[in-house]
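Please look over the sequence and the model below before reading on.

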Amino acid sequence: MSISNQVNIFLWSILGGMLISFAYDIFRVKRRIIKTNNIITHIEDLLYWSISAAIMFAIVYIGNDGEIRGYIFLGIIIGAVLYILLLSRIVIFILLKIINFLKKALKTLWNIFVYPFKIIFRFVSIPCIFFYKIVKRAFINTRRIARINMEKCKISKKAFRNRRKKI
């Protein structure tokens, strides 16, 4: 294997280390935005390591016919460290800004979509509130009348008992 081929594989392994770190940053941003429980976090970690293994397998298999060399691991470490030191903060900042912008845009679109329904609800709610007040008054009056009738029944029942005792 020639030196130029080894340098090429080394540069690809640096790129692979950067890609693995970028994938980790995506998971970090996701965890900042969406809080999950431990089971989901473990599943995400398993997914991350599967993606990392697939990236490294592709680099080793395509670039070096599956031969594992020490400089490949060194390139992965160098790529990850370079990405973390130079690009990680910028990428996370940009991803968070993009996601916040999308959230605001979707919220605005949702408000535009829901606005006609709010207006319709306001027009429909006025008669409904009026009807509700009428029904409530009728129910309260019915309840009051029922109480009065129950009292009359109790008084009548006592009077009936007293008459029966006298007989």
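How many residues does H1 have, and how far does H1 reach from its first C-alpha to its last? In this predicted model, H1 has 31 residues and spans 45 Å between its first and last C-alpha atoms, which is close to the 45 Å expected at 1.5 Å a residue.

**Nonpolar core**

- The largest nonpolar core is made of twelve residues, namely Ile9, Ile20, Ala23, Phe27, Tyr48, Ile55, Met56, Ile59, Val60, Tyr71, Ile72 and Ile76.
- Helices H1 (3–33), H2 (38–64) and H3 (70–86) are the elements that each give two or more residues to this core, and H2 supplies the largest share, with five residues.
- Ile72, a member of this core, touches Ile9, Ser13, Met56, Val60, Asn64 and Glu67 when residues up to four places away in sequence are not counted.

**H1 against H2**

- The axes of H1 and H2 come within 10 Å and cross at roughly 165 degrees, an angle that makes H1 roughly antiparallel to H2.
- H1 passes H2 in a right-handed crossing.
- Residues of H1 that meet H2 include Trp12, Gly16, Tyr24, Lys30 and Arg31, while those on the H2 side include Glu44, Asp45, Tyr48, Ile55 and Gly63.

**H1 against H3**

- H1 and H3 pack at an angle of about 45 degrees, with their axes 7 Å apart, and these two helices are therefore oblique to each other.
- The contact is made by residues of H1 that include Gln6, Phe10, Gly17, Met18 and Phe22, together with residues of H3 that include Leu74, Gly75, Gly79, Ala80 and Tyr83.
- The crossing of H1 past H3 is right-handed.
- Ile9 and Ser13 of H1 take part in the contact with H3 and also in the contact with H2.

**H2 against H3**

- H2 and H3 pack at an angle of about 135 degrees, with their axes 12 Å apart, and that angle makes H2 oblique to H3.
- Where H2 and H3 meet, Met56, Val60 and Asn64 come from H2, and Tyr71, Ile72 and Ile76 come from H3.
- The crossing of H2 and H3 is right-handed.

Key
Residues are numbered from 1 along each chain as its sequence is written. This is a predicted model: local features need pLDDT of at least 70, side-chain atom pairs count only at pLDDT 80 or more; totals for chains, interfaces and linings use all residues. Side-chain values use heavy atoms; hydrogens and water are left out. A nonpolar core is a set of buried Ala, Val, Leu, Ile, Met, Phe, Trp, Tyr and Cys residues joined through side-chain atoms within 4.5 Å. Buried means under 20% relative accessible area, exposed over 50%, partly exposed in between (1.4 Å probe, protein chains only). Helices (H or I, at least four residues) and strands (E, at least two) are DSSP runs, numbered from the N terminus. Contact means heavy atoms within 4.5 Å. The expected span of a helix is 1.5 Å times one less than its number of residues. Axes are lines fitted to C-alpha atoms, for helices over the stretch in contact, and angles run from 0 to 180 degrees between N-to-C directions. Angles under 35 degrees count as roughly parallel, over 145 as roughly antiparallel, 65 to 115 as roughly perpendicular and the rest as oblique. A crossing is left-handed if the near helix is turned anticlockwise from the far one by less than a right angle, and right-handed if clockwise.
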